Amino acid sequence: MKTFDLTQNTVRELNQALHDQSGECMEREFDVFSPHGQHNIACGLDQNLSVNIMGHAGYFCAGMNKKATVTVHGNAGQGVAENMMSGMVRIKGDASQAAGATAHGGLLVIEGNAGARCGISMKGVDIVVKGNVGHMSCFMGQAGNLVVCGDAGEALGDSLYEVHIYVKGHVKSLGADCIEKEMRPEHIEELGNLLSRAGIDEDPARFKRYGSARQLYNFKVDNASAY
Amino acid sequence: MCGIVGLYLKNPSLESQLGELFEPMLIAMTDRGPDSAGFAIYGDEVPEGETKVTLRHPEDDYDWESLAGAMAEGLVTELSWFRNANAAVFKIRAGEEQVRAWLQESAPDALVLSIGRSIEILKEVGLPEKIAGKFKLSEMKGSHIIGHTRMATESAVTMEGSHPFTTGMDLCLVHNGSLSNHNRLREVLCREGIRFETENDSEVAAGYLAWRLEQGDSLKQALEHALEDLDGFFTFTIGTRNGFAVMRDPIACKPAVLAETDDYVAMASEYQALAGLPGIEHATVWEPEPATFYIWERDA
């Protein structure tokens with residue numbers, strides 16, 4: 001185990017040490033102390049590492065993550081795990097806006113609440129939020145799953161493509177082209193697996209499913225001739 | 001971009017440390033605003049019927065002594081004053097309108113930075129660290145303070161464009177964002193008798209709140225009206241003589257973090273600015289909700 005104290009080391013030094021493991025891995029476990037809300041902590045990892053951040057992180061924490069498991073023992077700022085490819089990012093506290101934005105794969109677990117635009121333009125990531133999500137969550141979501149154990153803010157799933165959205169609590173409003181859908185046995189199973197991977201004890205049968213009505217312009221075959 | 005910060009003390013025993021606690025918060029927001037910085041501190045209040053005015057002169061060796069003498073004579077009243085770098089704070093036994101009128105007539109080259117019973121605004125072009133040092137921020141005492149670090153976008157890096165702005169008795173706000181209906185609103189407010197010194201959108205927001213309070217609104221009512229009437233992007237931190245508030249617009253794209261302990265409420269654009277506060281590791285830390293305001297007030 002290697003430790004970094006960000007009052008003694010710069011974020012650049014920490015990230016370099018983490019990137020240095022991407023070829024031959026010499027050290028798999030890293031503890032990061034005194035993050036003090038600094039930005040870009042543990043970004044661009046490309047190795048099966050375990051990184052524990054002991055405090056609040058700033059913007060874009062664990063962005064572009066591949067393979068690694070990053071845990072923030074506190075809150076995370078904007079864009080946590082943005083463009084994640086694989087691995088797992090867990091936030092013990094709250095996450096600010098645009099959590100998991102554009103992420104292609106892996107699992108993002110937020111144990112507190114997520115702010116606005118959670119999972120905006122997500123492209124395959126699985127996001128499980130134990131608390132609530134803010135407005136415009138999953139805007140233009142293309143693939144993957146968004147699970148919300150609390151409530152969702154305004155305009156959930158606006159202009160959605162193929163993301164499966166599961167919400168247990170109240171949805172303030174659905175965005176354009178997002179509708180409630182039937183919860184079939186395969187969805188109960190899928191949701192059960194997601195909750196189990198996230199380590200969250202909830203009954204899948206108590207969730208509702210939302211998805212795209214596929215009525216917007218880009219879903220109409222008649223518009224194909226425009227290209 | 002810009003950075004905003006605020007600190008409201010719930011525990012009066014910390015008042016002697018207000019500046020010391022706040023200085024690192026302002027400096028932490030240098031990355032968000034390196035062009036100019038300023039702050040509005042509340043404390044050392046004068047009794048009702050008296051006025052406290054903060055003036056600035058471009059010359060560092062300006063003769064404030066003579067100005068004080070002339071003002072006492074001109075207004076036929078008693079006053080006390082002290083210098084702080086190229087600014088000076090005057091406490092005058094006279095009303096706001098009288099003081100304003102005399103200054104306009106007799107000292108037009110002294111810029112009024114703030115006027116009220118409690119507020120003192122100090123601001124300059126330059127890095128936040130330099131400005132904090134210049135005015136000895138760390139030695140200042142008070143009950144609450146709000147500050148701004150500016151990254152200039154809509155107008156030049158000048159003293160006139162530096163924040164924060166105040167337009168009415170003891171009211172001040174710091175703003176991260178941009179308003180889209182400020183020109184029309186400024187016209188409306190001018191007709192209502194609100195004065196504006198600049199073309200800046202944030203000054204219109206300050207003027208709007210001052211106007212609502214003048215109309216008899218409570219701070220809560222003024223902010224409810226502001227959510228209806230202000231259009232654009234904003235995270236505001238607002239100071240009044242006895243209150244402190246934070247408000248975000250419905251889109252909430254401008255960042256904000258709040259932290260509260262038994263001793264204080266602190267606000268910043270980013271958590272980094274709060275990281276050095278005492279007891280922050282046990283504070284309640286949260287992101288203020290969109291289209292929502294939060295108010296803390298002490299007895300008037």
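The following legends describe close-up views of a predicted model.

**Figure 1. Confidence of the predicted complex.** The predictor assigns the complex an ipTM of 0.92 and a pTM of 0.95. For chain B, the pLDDT averages 95, and 100% of the residues of chain B score at least 70.

**Figure 2. The open five-stranded sheet of chain B.** The strands of this sheet are arranged in the order β9-β10-β11-β12-β16 (chain B), and their pairing is antiparallel. At the edges stand β9 (165-168) and β16 (292-297) of chain B, each of which pairs on one side only. From one strand to the next, the twist averages 20 degrees. Strands of a sheet, in general, pair through backbone hydrogen bonds, in either a parallel or an antiparallel manner.

**Figure 3. Pairing of β10 and β11 of chain B, with the helix that lies across them.** Strand β10 (residues 171-179) and strand β11 (residues 232-239), both of chain B, are joined in the antiparallel sense over eight bridges. Within β11(B), B:F233 is the bridge partner of B:S178. Helix α6 (residues 201-214) of chain B lies across β9, β10 and β11 of chain B. Relative to β10(B), helix α6 of chain B runs at about 135 degrees.

Figure 4. Helix α1 (residues 18-28) of chain B is largely enclosed by the rest of the structure, because eight of its 11 residues are buried. A residue is counted as buried here if 20 or more other C-beta atoms lie within 10 Å of its own. The buried residues of α1(B) are B:L18, B:G19, B:F22, B:E23, B:M25, B:L26, B:I27 and B:A28. The elements covering them include the strands β1 (3-9), β2 (36-42), β8 (144-150) and β14 (264-268) of chain B, together with helix α4 (128-134) of chain B.

**Figure 5. The two domains of chain A and their contact.** Chain A is divided into domain 1 (1-105) and domain 2, the latter consisting of two segments (113-200 + 210-219). The centres of domain 1 and domain 2 of chain A, taken over C-alpha atoms, are separated by 25 Å. To the contact, domain 1 of chain A contributes 13 residues and domain 2 of chain A contributes 15 residues.

**Figure 6. The annotated region of chain A.** An unreviewed UniProt entry lists residues 40-185 of chain A as "domain: Glutamate synthase alpha subunit C-terminal". Over residues 40-185, chain A is 1% helix and 26% strand. The end C-alpha atoms of residues 40-185 of chain A are 40 Å apart.

Note on methods: Residues are numbered from 1 along each chain as its sequence is written. Chains are lettered from A and ligands numbered from 1 in the order in which they are written. This is a predicted model: local features need pLDDT of at least 70, side-chain atom pairs count only at pLDDT 80 or more; totals for chains, interfaces and linings use all residues. Two strands pair if DSSP finds at least two bridges between them. Helices (H or I, at least four residues) and strands (E, at least two) are DSSP runs, numbered from the N terminus. Axes are lines fitted to C-alpha atoms, for helices over the stretch in contact, and angles run from 0 to 180 degrees between N-to-C directions. Two residues are in contact if their C-beta atoms, placed from the backbone, lie within 7 Å. A residue is buried if 20 or more other C-beta atoms lie within 10 Å of its own, exposed if 12 or fewer, and partly exposed in between; C-beta atoms are placed from the backbone. pLDDT is the predictor's confidence in each residue, from 0 to 100. UniProt positions are given in the numbering used here, feature names are shortened, and annotations may be inferred rather than shown by experiment. Domain bounds come from an automatic or database domain assignment.
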